[in-house]
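This briefing reviews selected features of one protein model, grouped by topic. Please read it alongside the sequence and the coordinates.

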Amino acid sequence: MTISWIDEVNKRKDAIINELQQLLAIPSVLNEADTDEHAPLGKEVKRALEYLLHAGEQAGFKSKNVGNIAGHLEMGQGEELLGILCHVDVVPAGKGWSHPPFEGVIQNGKLYGRGAIDDKGPTIAAYYAMKIIQELDLNMNKRVRMIIGTDEESDWRCVDRYFSEEEMPSIGFAPDADFPVIHAEKGIMDADFHLTKYEPDVHAPKIEMHSFHSGERYNMVPDFAKAELTVHAEQTYLLQEYEEFLKEYELTGDFYVKSGLLTMELHGKSSHAMEPDNGVNAGVMLLRFLNHFELDARSKAFASFANKYLYNGSRGVALGIAGKDDVSGDLTLNTGLIRFDESHAYFGLNIRYPVTYDMDTKRKWLADEMENKHIQIKVKDDSKPHHVEGDDPFVQTLLSVYEKQTGEKGELLAIGGGTYARSLEKGVAFGALFPGREDVAHQKDEYIEIEDLLKATAIYAEAIYQLACVEQS
């Protein structure tokens with residue numbers, strides 16, 4: 001049976017775009033201040049989940065809501081289950097957008113919005129791929145289930161809950177990364193490095209730092225930082241030096257004085273933590289500046305640690321944890337959170353380590369090393385690396401579909417990002433970012449190329465056909 005998948009997609013182009021715009025309009029950012037027993041991760045997150053489940057019901061899929069934290073849409077029949085793992089939660093929009101982040105504005109062939117490429121655009125592409133298979137009434141020998149999560153950008157409570165109650169697919173893919181096929185994902189550890197001790201002040205400091213705040217997520221390079229200071233001497237000199245610092249590093253920032261308190265702000269560039277060098281860490285940069293001055297002892301110890309171990313520290317060299325392998329590349333380190341006030345003084349680090357890296361041994365070594373520097377490590381989460389052999393027939397099928405639909409040679413990839421694929425026993429990440437396209441996930445003005453949205457839909461449709469439909473003679 002010969003099917004032109006891209007023709008089938010183009011017949012539904014307007015519907016696909018409209019569906020994505022409707023989903024983008026829901027600001028489904030984790031909000032634990034707006035929860036209740038029916039919305040454990042926030043009402044907007046729940047609304048996005050319900051939107052997609054309801055759309056699927058209307059399209060004729062079997063649907064299930066699992067604790068208002070996850071759900072699925074299913075079609076087909078058979079013993080085996082093909083999983084397509086998506087998520088509808090998004091990271092905070094941040095500031096500085098050229099278009100409203102939750103309106104789905106289209107300009108120059110691009111559809112803008114928070115979640116456009118991570119992961120609402122790819123989710124809608126996979127959803128319409130399922131719809132095409134169903135509307136063509138193709139015979140299926142497997143069940144196909146879109147599993148929808150709502151906490152992918154934070155703690156993965158959605159998949160933990162889902163797979164504690166529901167069936168594990170025998171094979172599956174997550175449309176939440178890059179094409180052609182990602183068969184290896186680094187381990188991901190989030191850990192807080194707490195300052196526990198410092199030498200007391202011998203002389204009265206010129207500057208006291210009362211608070212410092214930067215970052216909202218471990219998996220984002222923070223694009224904003226703010227410090228609140230009392231400056232006892234040479235404030236004019238401090239501010240002149242700050243302006244020179246901003247010029248030297250080509251950054252923007254601001255400062256103002258209110259009730260004797262100096263507030264300093266710095267703007268960096270956000271990016272995904274899988275490659276911190278794509279961003280500019282506002283928090284680390286502001287601490288680097290402040291480290292040059294006579295701070296109070298606690299603040300000096302804090303800023304000095306950031307300057308020595310975290311500035312230009314994306315490979316973990318200064319911390320002594322650098323590593324690399326041929327399968328997945330370099331270890332990377334991102335300082336996603338910085339918190340300093342009278343009660344707290346810590347750095348929230350996101351460490352992504354290679355498939356063959358022995359993190360358990362390195363963690364013990366690092367804890368001892370940091371204790372000698374009066375830093376206590378509290379590990380928040382450690383998701384182990386994931387790897388599916390490249391010659392597996394499942395992986396080879398996806399590669400062949402990609403090559404057929406694009407006319408390009410398919411390659412196996414490894415990434416520092418963590419996708420739902422690692423929650424499966426045999427899962428890979430499969431699109432939807434095409435080679436050569438700018439990766440704007442987690443950045444302001446996030447977008448998806450409409451051409452790519454449609455092409456991804458065709459790829460997913462044929463992939464489902466090849467993996468789950470009865471072979472045609």
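**Strand pairing around β17**

Threonine 332 has arginine 352, in β18, as its bridge partner. The model is predicted, and the points below cover its two open sheets, its aromatic pairs and the surroundings of glutamine 21.

- Strand β17 spans residues 332–340, and nine of its nine residues are buried, so the strand is largely enclosed by the rest of the structure.
- Strand β18, residues 345–353, runs antiparallel to β17 and is joined to it by eight bridges.
- For histidine 213, the bridge partner in β17 is arginine 339.
- These strands belong to an open sheet of eight strands with antiparallel pairing, in the order β13-β14-β12-β11-β17-β18-β10-β19.
- At the edges stand β13 (252–258) and β19 (375–383); each has a single partner strand, so one side of each is left without a neighbour in the sheet.
- On average, neighbouring strands of this sheet are turned by 25° against each other, direction ignored.
- Helix α9, residues 359–371, packs on the sheet and touches β10 (187–195), β18 and β19. The direction of helix α9 makes about 160° with that of β19.

**The three-stranded sheet**

- A further open sheet has three strands in the order β4-β5-β24, and its pairing is antiparallel.
- The edge positions are taken by β4 (106–107) and β24 (447–449), each with a single partner strand, so one side of each is left without a neighbour in the sheet.
- Two bridges pair β4 with strand β5, residues 110–112, in the antiparallel sense.
- Opposite glutamine 107 stands lysine 110 of β5.
- Helix α11, residues 450–468, lies across β4, β5 and β24 and runs at about 70° to β24.

**Aromatic pairs**

- Phenylalanine 173 belongs to strand β7 (residues 171–174) and tyrosine 460 to helix α11, so the pair ties together parts that are 287 residues apart in sequence.
- Phenylalanine 173 and tyrosine 460 are both buried.
- The rings of phenylalanine 245 and phenylalanine 289 have centres 5.2 Å apart and planes at 50°, so this pair is tilted.
- This second pair links distant parts of the chain, 44 residues apart: phenylalanine 245 lies in helix α6 (residues 235–248) and phenylalanine 289 in helix α7 (residues 282–290).
- Phenylalanine 245 and phenylalanine 289 are likewise both buried.
- One aromatic cluster is formed by Phe173, Phe179, Tyr402, Phe430, Phe434 and Tyr460.

**Lysines over aromatic rings**

- Lysine 95 lies over the face of phenylalanine 224, at 5.7 Å from the ring centre.
- Lysine 362 lies over the face of tryptophan 365, at 4.7 Å from the ring centre.

- Helix α2, residues 13–24, contains glutamine 21.
- The relative accessibility of glutamine 21 is 22%, so this residue counts as partly exposed.
- Apart from its neighbours within four places in sequence, glutamine 21 is in contact with Gly104, Ile106 and Leu111.
- The side chain of glutamine 21 reaches the backbone oxygen of glycine 104 at 3.0 Å.
- Glutamine 21 and glutamate 103 are 82 residues apart along the chain, while their C-alpha atoms are separated by 6.8 Å.

Technical notes:
Residues are numbered from 1 along each chain as its sequence is written. This is a predicted model: local features need pLDDT of at least 70, side-chain atom pairs count only at pLDDT 80 or more; totals for chains, interfaces and linings use all residues. Side-chain values use heavy atoms; hydrogens and water are left out. Two strands pair if DSSP finds at least two bridges between them. Helices (H or I, at least four residues) and strands (E, at least two) are DSSP runs, numbered from the N terminus. Contact means heavy atoms within 4.5 Å. Axes are lines fitted to C-alpha atoms, for helices over the stretch in contact, and angles run from 0 to 180 degrees between N-to-C directions. Rings of Phe, Tyr and Trp (its six-membered ring) pair if their centres lie within 6.5 Å; planes under 30 degrees apart count as stacked, over 60 as edge-to-face and the rest as tilted. Buried means under 20% relative accessible area, exposed over 50%, partly exposed in between (1.4 Å probe, protein chains only). A charge sits over a ring if NZ of Lys or CZ of Arg is within 6 Å of the ring centre and within 35 degrees of the ring normal. A polar contact is a pair of N or O atoms within 3.5 Å; within protein, one must be able to donate a hydrogen and the other to accept it, and residues adjacent in sequence count only if both atoms are side-chain atoms.
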